[in-house]
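Biologist: I would like to go through this model with you. Please tell me what stands behind each label.
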Amino acid sequence: MALELNQSEFTVERDLDKCIACEVCVRQCSNDVHEFDADDKTVLSESSKCVGCHRCEELCPTGAITIKKKAAEFKENSNWQAAHIKNIYKQAESGGVILTGMGSDKPHTVYWDHILFNAAQVTNPSIDPLREPMEIKTFICGKPENLKIEKQNGQFKLKSKMGPYLELLTPILFSAMSYGSISLNACKSLAAAAAEYGTFYNTGEGGMHKDLARYAKNTIVQVASGRFGVDRDYLRNSAAVEIKIGQGAKPGIGGHLPGEKVTEDISGTRMIPQGSDAISPAPHHDIYSIEDLAQLIDALKEATDYEKPVGVKVSAVHNIAPIASGIVRAGADYIAIDGFRGGTGAAPQSIRDNVGIPVELALAAVDTRLRQEGIRHRAAIIVAGSIRSSSDVVKAIALGADAVYIATAALIALGCHLCQKCYTGKCNWGIATQDPYLTKRLNPEIGTRRLHSLLRAWSLEIKEMLGGAGINAIESLRGNREHLRGINLNDRELSILGIKHAGEAW
Amino acid sequence: MKRIFIDEKYCIGCRLCEIYCQVKHSKSKKILKAFREGQPDILSRVLVEEIGHDSFAIQCRHCDDAPCVSACISGAMTKNEKTGVVVCDQEKCVGCWSCIMVCPYGVIKRDISSGKAASKCDLCVDEEVPVCVKNCPNEALKIVQFPDEEK
């Protein structure tokens, strides 16, 4: 066998004074890093196989294991960085595309971290959300041009006809992750948590598993280029329908679920033969223009008796503002914009790290453009692509979003350690895998509880931040960019974001 | 009485229940010391059975009409009327292993250190929650109040 130039990424350090050779690590690692040596009654570790998921470290009862970044470094070179060299070694061997999972880990500017939120002092009172009512209920829908109210028998009644809408108790939804890319237990956790908290989860493009049908009222069903699992019942058994055009991590790229992962259950859910590759084409072959998109939106509205909102999910790309304008004019009730730091189960690394634009800039550009054109009210905006905390949510809403989609954050709540090896199907946390030995590691009861706690915690923090700024309803914050200030940003960035620099008063 | 149940759908076969059971029934009750002092001396009262992807942990069911109690020749194995827990009195046990032979679940083991007493789950009566349940990372083991048929 020829020399392999791949270096291991991690070092598994085992404190032999603490190791009791209980073999928990051996049983938990799907990458076969740990091995029990029956002769010496010790556990040996092969660091080169470690992906850094930290499962063994978390489960070790004595804390004997530490996973560390391997210290070996190439000769310092600002141009030829270690990542380039390692990738070339890998590709010289495999001749293939370098795959990766989750969102980009490259040090691109995270604009959320360069935006600061306001607080009330002296001239307007702040509000204590623990003592006073604080409204964060959010509606996802198109809104009428104006409201007509009539008086009937001495009572005022709304005369304007409202379209279908989604009612969220917090401005956070779970973003699209298909059954296939994640395990059924992960899907169940998301669905149950959304239903318990009063928000929504998204089926992704993989169809709806029969066990999840009972969460239909809290389900956004996706219609993607592969049309997996789409039929009349799928569309009607939902709260909203979403047309997926693109995904932030891989704009312009389709999907490919290998045949070996298409088990009996997945084949039934996706409505494709067992063992066949599930290929999502890069484009929708019936959408080559805004007019075509309008036709599909109309068709889906027709199919659901005009009872459900129909949204369109696009990745944040350079022309996002005019594209969004077209989508609104095509009749979408909401647009979901997925920024380039958004996650994925598998994407070519070159695409994930280099294609698309940050969602903060895309959101600001879209909101500004839609306002300029006077059509902002016709559709809601949901932003996705690495919303990491409640403060990101607050900043997104102040920049103009109606709500946010979270997916990576939700998976982290379920145990994900961002090892970025989703595409291998060996997820030790039972999330991005279909291996029955691994999927049972995610107990949906625990998953639901943890996701519910995350939503609760973020909602409390959102209320605290609103209260601090003297705002008692999230509707008053929406698009209110005066509450934001930039820091360490240049004039061009500030003008795109439409915010002032820190230190500039009203 | 309280009984331990396992949801085999979520048993991940990590065997942490066995490890914590061993620690609980060791002299020192400290994990590092217990294992260093002599692993063979401490037996786990909970056993993880595993075939392929399927696994589950099982311990004494504390049967209402416990065959081990009937089979015990020395009167060491008794069922506590109040708590419902089946316990083995180490002093009285003569090591005939009749209990092991009649146990329909195979959850009684020979205690090698003493050479006679049988080792079985005591439901951690001195703990609020049995240690196997407390330390199950996937909550596959649960302790639930089981309606007492006699009442």
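Biologist: What makes a residue of chain A count as buried, and what share is buried?
Modeller: This is a predicted model. A residue is buried if 20 or more other C-beta atoms lie within 10 Å of its own. In chain A, 47% of the 506 residues are buried.

Biologist: What makes two residues a contact, and how many residues of chain A and chain B are in contact?
Modeller: Their C-beta atoms must lie within 7 Å. By that rule, 16 residues of chain A are in contact with 15 residues of chain B. On the chain A side, H1(A) gives the most, with three residues. By class, that side has eight nonpolar, three polar and five charged residues.

Biologist: Which domains does chain A have, and how far apart are their centres?
Modeller: Domain 1 of chain A covers 10–96, and domain 2 covers 138–145 + 171–477. Their C-alpha centres lie 33 Å apart. The contact takes nine residues from domain 1 of chain A and seven from domain 2 of chain A.

Biologist: What share of the contacts in chain A joins residues 24 or more positions apart?
Modeller: Among contacts with a separation of 6 or more, such pairs account for 69%.

Technical notes
Residues are numbered from 1 along each chain as its sequence is written. Chains are lettered from A and ligands numbered from 1 in the order in which they are written. This is a predicted model: local features need pLDDT of at least 70, side-chain atom pairs count only at pLDDT 80 or more; totals for chains, interfaces and linings use all residues. Domain bounds come from an automatic or database domain assignment. Helices (H or I, at least four residues) and strands (E, at least two) are DSSP runs, numbered from the N terminus. Ala, Val, Leu, Ile, Met, Phe, Trp, Tyr, Cys and Pro count as nonpolar, Asp, Glu, Lys and Arg as charged, and the others, Gly among them, as polar. A residue is buried if 20 or more other C-beta atoms lie within 10 Å of its own, exposed if 12 or fewer, and partly exposed in between; C-beta atoms are placed from the backbone.
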